[in-house]
Amino acid sequence: MTGPPRPRRTTAPPPGLVARARSLPWREDLPASLVVFLVALPLCVGVAVASGVPAELGLVTGIVGGVVVGLLPGSSLQVSGPAAGLTVLVLEAVREHGPDSLGALVLATGVLQLVMGVLRLGRWFRAMSAAVVHGMLAGIGLILLFGQLYAMAGRPPPGTGLGKITGLPALLADAVTGRAAASPVLLGAATLLVLLLWRYLPARIRVVPAPLAAVGLASAVTAIAALPVARIRVEGLFEVVRLPDASSFTALAGTGGAGTVLAFTLIASAETLFSAAAVDRMHHGPRTDYDRELTSQGIGNALCGLLGALPMTAVIVRSAANVQAGARTKASRTLHGLWLLLFAALLPAVIGLIPVAALAAVLVHAGAKLVPVRRIGALWREHRGEAVVLAATAGAIIATNLFEGVLAGVGLAVVKSAWQTSHLHIGVEEPAHPEDGPLRVRLTGQATFLRLPRLLDALERLPADRAVELDWSGLRHLDHACTVALVTWAAQHRARSTETLEVEPPLPTAV
């Protein structure tokens, strides 16, 4: 007869060894940082070129976003750097105020973000209408997409959003008939095709990020075939860094400069905090402290401004790549900034091999991804008012400019919200026989000036020779305009009718 089996003895690793193993960043964060670096590299360069500044300035912003902001509190896994969402506005700012003023504008943006973070205003950005934010990104994406189509054909883009759209038929005709140079058109189209088809390739090939693969292949083909296409100009990392001087701050004195700073702040902060909310849904680690994240972004943008670089924001593409690559701590995003620094310092000549048409194709793809086509369809089926706000915001940005378009979208969202919340129900109860009692008019909901025409139409349709009992006790809100209208109508009804008019509760005196 055998007894119960003996418990198997296991030797657990020492607690100190487990703690050290969990604290080593290279187990998960090191590979993730390399993935984010490969995703960020072509985008940093492409955003800078599309913004009308040297390519190295995009790397400077990426380095600051990784090495500096990566160490600061806020969100632990989202990655900051130059974003396609600010490209259009930066290009306008450079054209209007000059490249030397960019540092001062970005520095002021950082200081404003820092103040907002200290005042704990970060959480209020979550109150912004999602339709306005997505409409803003859609408008930016469309302008970026249309503008970079001209760069793919080796042509300078028109200066306005509407000009970019109206010029597309002529651009397409030039590309088809051969009046535009064939090499950049074909190279850009091939790069765009690689970006679109990359996700259908085997997983072992997709280890290389699509933007890096597309730009690398285009650069290799250009070098091997000696294609006559424009390439990125290389000036060197330290040559492009310029501290803002006293003359740079003159742009802040005018309304145009102040509006640019407000637009930078609004868009960079909103995109950062919306990105943080999206990243928080992708992992189970610590949640984002919105106020600290806004403060960290302010410090990063202030430093970018001192270096004369591009403004930064948290970028959802890089942040998602960081989470999906298995990052666990801040070490991943900090190391990605270090890799950018080493690349810019040791291999700057590699940037000069990149054709402009290939980067333009990368930004066309990035611009298209900013347009939420599926979201628009879902909103149209479920919340048509939100879909209208989204489309109107995007259209206003294209027709005017980014700042005015966003203000128009916010105004429309406020009007829509006010209209929807000022619901007023007007019920008229008719007795079975006129001699049984008066007409009973019951008002419930919120009586505001937005519903005043409907309220007056309903009251004026009542018979002038009938007794009326007006019950407005069910109103949750009665504004001054409706108060005046009800008092006036009651006085007129009493004057015309020989029957009584009862108002319950008594109407206030309108002044």
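**Exercise 1.** Is K416 buried or exposed? Work it out, then place its salt bridge.

*Before you start.* This is a predicted model, so local features need pLDDT of at least 70, side-chain atom pairs count only at pLDDT 80 or more, and totals for chains, interfaces and linings use all residues. Numbering runs from 1 along each chain as its sequence is written, and side-chain values use heavy atoms, with hydrogens and water left out.

*Solution.* 
- Step 1: K416 has a relative accessible area of 16%, and buried means under 20%, exposed over 50%, partly exposed in between (1.4 Å probe, protein chains only). K416 is buried.
- Step 2: K416 pairs with E386, with the closest N and O atoms 2.7 Å apart.
- Step 3: E386 sits in helix 18 and K416 in helix 19 (residues 402–421), so the pair ties together parts 30 residues apart in sequence. Helices here are DSSP runs (H or I, at least four residues), as are strands (E, at least two), numbered from the N terminus.
- Step 4: E386 comes out partly exposed, at 21%.

**Exercise 2.** Which residues does the salt bridge network containing R440 join?

*Solution.* 
- Step 1: Start with R440 and E469, whose side chains meet at 2.4 Å, N to O.
- Step 2: E469 lies in strand 5 (residues 468–478) and R440 in strand 4 (residues 439–447), so this pair links parts 29 residues apart in sequence.
- Step 3: Follow the shared partners, and you get one network of E429, R440, R442, E469 and D471.

Definitions and conventions: Salt bridge = Lys/Arg side-chain N within 4 Å of Asp/Glu carboxyl O.
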